[in-house]
Amino acid sequence: MNTNTTTITNVNNDDHQQQHRCGYAGIVGAPNMGKSTLLNSLLKEDLCIATRRPQTTRHAILGVLSSPTKQCCLLDTPGVLQGDGAYQLQANMMEAVKGALTDSDVIVVVTDLFSTPIPDDNVFRRLSETTKPVLVVVNKIDLEGRAKRPDEATIQRKKDDEEEEEDEFEKTYTVSLTNDDVKQLLPIGPPLYDDDFLSDRSVRFFCSELIREALLESRYLKKELPYCCEVQITDYKEPRDDNITRIEATIFVERDGQKAIIIGKNGDVVKQVGIIAREKIERFLDGEKVFLQLRVKINKDWRKREDQLAKFGYSN
Ligand SMILES: Nc1nc2c(ncn2[C@@H]2O[C@H](COP(=O)(O)OP(=O)(O)OP(=O)(O)O)[C@@H](O)[C@H]2O)c(=O)[nH]1
Ligand SMILES: [Mg+2]
């Protein structure tokens with residue numbers, strides 16, 4: 001994956017400049033609508049983590065889709081919350097959404113088939129005033145025909161069921177932003193990035209996200225627990241003679257009790273999370289062998305503290 005370098009490309013060919021379109025498309029919506037899944041599907045890369053839990057995405061994340069005639073710079077964003085949320089972290093996540101909306105030339109609002117209400121919040125109220133093109137994507141259409149969406153209690157019971165299978169869509173619909181109508185919404189202009197450029201986020205960032213994804217998906221960590229976790233890569237060594245990438249990471253939690261649960265009896269839980277995270281990272285690194293070492297540390301109330309949020313990259 002080429003996620004490291006940002007290059008501004010100068011294109012001198014006038015014809016090419018006139019026809020080429022390039023711009024930012026912000027993907028916004030309520031939590032769990034499938035925004036990250038949509039971005040991955042458009043890019044044909046598993047770049048952003050996506051889980052069945054709401055509030056999986058915490059940052060605005062760039063994914064660049066290039067073709068000879070256009071460059072669409074997709075911005076995945078955190079799900080918009082109704083109200084302020086319980087933590088400063090959530091307020092900072094909403095700032096990331098607002099930033100992405102400001103930067104975007106086109107806005108893609110993702111909702112689902114169940115008419116989940118678009119949150120009545122100032123992020124969405126802004127959309128009614130925007131002069132930018134707004135596309136509404138109705139997602140999860142493979143679930144059409146189900147008598148009704150299971151109620152929340154049933155969903156929660158299913159989530160708590162340790163034997164639950166991974167999500168598998170009943171049908172997958174091909175999505176494309178190469179359609180001419182959509183392309184015309186992007187401004188005319190030269191590409192901003194090399195055509196093999198994927199994201200401005202580092203490989204380290206995506207590795208930390210994959211560890212967080214493993215935490216969110218862990219059958220041992222219920223309800224709130226994965227949400228109190230933040231992951232930082234503390235050491236990343238490229239493969240040498242032994243062809244192994246060595247990664248050390250710290251999982252930060254807020255309190256003692258949470259640390260004990262994440263570690264588990266005899267370290268069983270963190271070991272299990274580590275195995276799954278390592279497999280995910282190996283896939284992300286196109287099959288490279290990875291040695292992953294995880295530590296768990298307490299960072300008291302980090303979700304409420306501006307200094308810690310800034311340290312973790314959630315600037316306000
Ligand atoms: N059945 C079905 N499930 C989908 C579809 N798209 C996404 N999902 C599932 O919906 C859940 C949420 O997907 P995400 O892509 O993480 O949703 P999101 O909008 O990015 O969520 P947040 O980051 O929490 O705001 C995951 O379990 C996905 O597998 C779809 O087209 N059909
Ligand atoms: Mg997401």
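Let me start with V109, which in this predicted model is buried, because its relative accessible area is 4%, and buried here means under 20%. V109 has its place in strand β4, which covers residues 106–112, and although V109 and L135 are 26 residues apart along the chain, their C-alpha atoms are separated by 6.1 Å.

That strand belongs to an open sheet of five strands, arranged in the order β2-β3-β1-β4-β5 with mixed pairing. The edge strands are β2 and β5, each of which pairs on one side only, and from one strand to the next the twist averages 25 degrees. If you look at strand β1, residues 21–29, you will find that it runs parallel to strand β3, residues 70–76, and that seven bridges join the two; within this part of the sheet, R21 stands opposite K70 in β3.

Turning now to strand β5, which spans residues 134–139, we come to V134, and this residue counts as partly exposed because its relative accessibility is 37%, between the limits of 20% and 50%. Together with V136, V138 and I141, V134 makes a nonpolar surface patch of about 300 Å².

Terms used: Residues are numbered from 1 along each chain as its sequence is written. Chains are lettered from A and ligands numbered from 1 in the order in which they are written. This is a predicted model: local features need pLDDT of at least 70, side-chain atom pairs count only at pLDDT 80 or more; totals for chains, interfaces and linings use all residues. Side-chain values use heavy atoms; hydrogens and water are left out. Helices (H or I, at least four residues) and strands (E, at least two) are DSSP runs, numbered from the N terminus. Buried means under 20% relative accessible area, exposed over 50%, partly exposed in between (1.4 Å probe, protein chains only). Patches are made of residues with over 30% relative accessible area and no salt bridge: like charges are joined within 9 Å, nonpolar side chains (Val, Leu, Ile, Met, Phe, Trp, Tyr) within 5 Å. Accessible areas come from the Shrake-Rupley method with a 1.4 Å probe; for residues, only the protein chains shown count as cover. A salt bridge is a side-chain nitrogen of Lys or Arg within 4 Å of a carboxyl oxygen of Asp or Glu. Two strands pair if DSSP finds at least two bridges between them. Axes are lines fitted to C-alpha atoms, for helices over the stretch in contact, and angles run from 0 to 180 degrees between N-to-C directions.
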